[in-house]
Amino acid sequence: MVDLIVGLQWGDEGKGKIVDLVAKNYDIVIRSQGGHNAGHTVVVDGKKYALHLLPSGVLNPNATNVIGNGVVVYPPQLIKEIKNFGQGIKEKLLISDKAHMILDHHIAIDKAREKLRGKNAIGTTGRGIGPAYADKIARIGVRMGELKNIDKLLNKLTHYYEMNRGYFEYLGVDIPKAEELREKLQEWRDELGDMIVNTTNYLWENMDKNMLLEGAQATLLDIDHGTYPYVTSSNTIASGALTGSGIAPKNLNKVTGIAKAYTTRVGNGPFPTEDLGKAGDRIREQGAEFGTTTGRPRRCGWFDVVAAKYAVTLNGCDEVAIMKLDVLDGFEKVKVCVGYEIDGSEIDYFPSELDEVKPIYVELEGWDKSALVRKWEDLPKNAQKYIEFIEEKIGTKIKYISTGAERNATVIRD
Ligand code: IMP
């Protein structure tokens, strides 16, 4: 049985809290795309950990964690996270031999290209994600399994650097010295080698166990279906998670989509419901909307049911979680986008080009306090109406409503 958790907006929806809530139900937790551009903070026994590459199953001592073939792995980051978390988790961690490696030059290229783009920069996390996936698609990438034969890998990389010399010079990116590179590759093999296996086979052999595919980034950042080019470089939607793990569609049991009660975005790109005034500032402050990975202030605005319906459909969601409802506490009115205006006409679907659309809002009555509420009947009437309004518009059950950071500040509906 395989369940999947996926973000429905532009990321940072609070997937980590729902994963934390349900992680105990799973024997295997799998990351299937993205890399250390993802990030969430978890608290275990009072100690704070920032997870970027490690699957959230590390929170459950009994779960096995899998970094699937669709992930791009920056070995120094993974080694660091393992050290922070405790070497014990090595016994519960498997890394796909087919996962591609992020090397230092990918990070340097990411940063150099963003600089060259100037005001058209994507606003990437600067982690080398795009350049590593570009090499994968161009069939010149390096996979984790290649750490097994360092001489062969070094030969391949020497040829790669030779082939790209002109491009590297243009961007001002250094080509590493062979001996330094060898030392690094050897260290990575020593630290990670035992965990690098064919994870696809492992997952197939364990299909009778309970598995959770943990999405990173989110639907509107999907390379195909997001707001291209202001997207990440992987397929972040449910079907991408299957490709990124080798699990067949027929094994998928349940898809849970996660959205915030409002919308945020980091980086550039269209965001129709962004509020550049006081409401946006208030949401940022109340919701502590600053990035876990880069610390950047997030752009904030209202809930967009057009985008949410699009995301729910793309992912085939069975249920939805609405996070951080309490951040909207105290607003006299709350706005919800129910359609877009484009070239003088109204549309109710998510277009391929989002740049030109203007949001069409309805205003609902606000509520005083939903913070820390744990039962549906204890939510203020207007908060219930807000949830029911969204539920009706997206046509999918809202199963979880989060009303605070703590695990138990959650309404779970039958
Ligand atoms: P990249 O993934 O670093 O290439 O960045 C591409 C876009 O995706 C940028 O707008 C980033 O801010 C955004 N992004 C990447 N990872 C995350 C994430 O985990 N949460 C939110 N936004 C992200």
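In this predicted model, the side chain of Thr125 places an N or O atom 2.6 Å from an oxygen atom of the ligand. Thr232 likewise has a polar side-chain atom 2.6 Å from a ligand oxygen atom. For Arg296, an N or O atom of the side chain is 3.0 Å from an oxygen atom of the ligand. On its own the ligand has 470 Å² of accessible area, and the protein covers 96% of that area.

In total, 16 residues surround the ligand, and the closest are Asn37, Thr125, Thr232, Val266 and Arg296. By class, the shell around the ligand consists of eight polar, six nonpolar and two charged residues.

Attention now turns to the helices. Two packed helices are described by the angle between their axes and by the distance between those axes. Helix α3, spanning residues 104-117, packs with helix α4, spanning residues 129-137, at an angle of about 115°. The axes of α3 and α4 are 7 Å apart, and the crossing of the two helices is right-handed.

Which residues make the contact between α3 and α4? From α3 come His105, His106, Ile109, Asp110 and Arg113, while α4 supplies Ile129, Pro131, Ala132 and Asp135. Sorted by class, the contact of α3 with α4 comprises four nonpolar, two polar and three charged residues.

How values were computed
Residues are numbered from 1 along each chain as its sequence is written. This is a predicted model: local features need pLDDT of at least 70, side-chain atom pairs count only at pLDDT 80 or more; totals for chains, interfaces and linings use all residues. Side-chain values use heavy atoms; hydrogens and water are left out. Axes are lines fitted to C-alpha atoms, for helices over the stretch in contact, and angles run from 0 to 180 degrees between N-to-C directions. Helices (H or I, at least four residues) and strands (E, at least two) are DSSP runs, numbered from the N terminus. A crossing is left-handed if the near helix is turned anticlockwise from the far one by less than a right angle, and right-handed if clockwise. Contact means heavy atoms within 4.5 Å. Ala, Val, Leu, Ile, Met, Phe, Trp, Tyr, Cys and Pro count as nonpolar, Asp, Glu, Lys and Arg as charged, and the others, Gly among them, as polar. A residue is near a molecule or strand if one of its heavy atoms lies within 4 Å of it. A polar contact is a pair of N or O atoms within 3.5 Å; within protein, one must be able to donate a hydrogen and the other to accept it, and residues adjacent in sequence count only if both atoms are side-chain atoms. Accessible areas come from the Shrake-Rupley method with a 1.4 Å probe; for residues, only the protein chains shown count as cover.
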